[in-house]
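Work through the exercises below with the structure open. Try each task before reading its solution.

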Amino acid sequence: MAKRARLLSAAAGPVLPDELVWEILARLPARGLLRCHAVCRDWRRLATSADFLLAHHRHQPPRPLVFGCARWRSGAAADADAAVDSVDLIRHPAERRRVLGFSDYRQHQSFKIHSSCDGLLLFVSGRAFYICNPATRQVTPLPALTGGGSQVTLYPHPSSGDGEYRVLKWKYPDAVCILAVGSSEKPRRIGLPEAFLPPVFWIDEIGFLPPVLLHGCLHWHLRKPEDAILVFDTVAESFRWMVSPNVDGYGAHLVEIDGGMLGIGIVTQGMAKLWVLQDYETESSVFLFLCDTKGNLREKIHLDNILPCAMRHCLKESLVNHAFFGRHGGAHVGQPQFFCGL
């Protein structure tokens with residue numbers, strides 16, 4: 001028995017330190033990490049701890065989302081396949097990964113992803129809102145979030161300390177509501193930001209590009225009636241305005257720069273420009289760089305029989321557990337299926 005144990009130990013090779021195993025596993029995609037659970041009990045225990053799951057999420061790169069549906073054909077079946085894929089641009093060639101999929105797209109033509117936050121997607125299908133985690137294939141409806149709405153944003157509430165998420169909903173034309181995810185309470189109204197013009201003139205811009213979450217605040221870049229940054233403090237639940245550099249052209253969008261800085265990027269007249277807010281408190285900005293966008297085509301991503309549409313959201317995979325999904329992943333009888341083909 002002792003000889004057999006020595007042979008098995010030699011065949012297994014040297015044991016990696018836990019710190020090294022942590023660093024390796026934290027950089028795996030979610031699907032690869034889940035497969036590693038079957039290697040041994042020690043790896044499973046490490047890879048399911050709360051601290052590790054947060055570290056794993058931090059190491060995941062943000063991947064842009066692309067929506068596609070099968071081409072419509074005369075005489076085709078009543079239903080058509082559709083899907084949301086994430087695109088891994090770090091790999092070469094780029095790799096597509098299925099995020100959401102359903103085979104009854106004609107029943108979900110009003111489908112829209114409103115927000116992406118911490119590996120969670122908030123979307124509407126029909127007139128019902130849902131929140132899901134594509135990595136764990138968990139989904140749950142948000143019945144308290146009803147009716148239409150100009151824009152909806154999901155964000156973590158920093159002062160709760162228990163992983164609470166909230167939804168900020170703009171109801172056209174002049175109302176803002178907040179809902180705690182998993183709560184049975186109805187959304188509550190909060191005060192509107194002091195506007196240069198009535199909200200009807202600029203509220204539509206809020207949904208053109210998703211906000212940037214930085215320093216516990218949501219930030220939107222608006223151009224009406226002049227360049228400005230609308231800021232929502234997620235703790236105080238109040239709005240304020242920040243000074244924005246004069247950005248010439250449509251399509252300017254906010255970005256988070258390494259080190260916790262806020263930037264504004266735009267591509268106009270064949271040139272890419274980026275402004276960086278050097279001092280968040282004093283709202284002073286600097287023009288960082290200017291570069292020509294001309295270059296050689298690096299790669300084409302082949303989409304078989306698909307009509308693709310780039311979305312304005314990115315997804316960072318997460319395997320972090322959330323209480324609002326419940327023990328069984330938040331599934332409900334009669335609920336639409338959003339993970340077909342995964």
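The model is predicted: local features need pLDDT of at least 70, side-chain atom pairs count only at pLDDT 80 or more, and totals for chains, interfaces and linings use all residues. Residues are numbered from 1 along each chain as its sequence is written, and side-chain values use heavy atoms, without hydrogens and water.

**Exercise 1. Work out the strand order of the open sheet of four strands, and find its edge strands.**

Solution. 
- Identify the strands, which are DSSP runs of E of at least two residues, numbered from the N terminus.
- Link the pairs; two strands pair if DSSP finds at least two bridges between them.
- The order is β8-β9-β10-β11, and the pairing is antiparallel.
- β8 (151–156) and β11 (188–190) are the edges, as each pairs on one side only.

**Exercise 2. Locate His157, decide whether His157 is buried or exposed, and list its polar contacts.**

Solution. 
- His157 lies in the loop between β8 and β9.
- Its relative accessibility is 8%, so His157 counts as buried (under 20% relative accessible area; exposed is over 50%, partly exposed in between; 1.4 Å probe, protein chains only).
- Now look for polar contacts: pairs of N or O atoms within 3.5 Å, where one must be able to donate a hydrogen and the other to accept it; residues adjacent in sequence count only if both atoms are side-chain atoms.
- The His157 side chain makes one of 3.2 Å with the side chain of Arg166.
- A polar atom of the His157 side chain also lies 3.4 Å from the backbone oxygen of Thr234.
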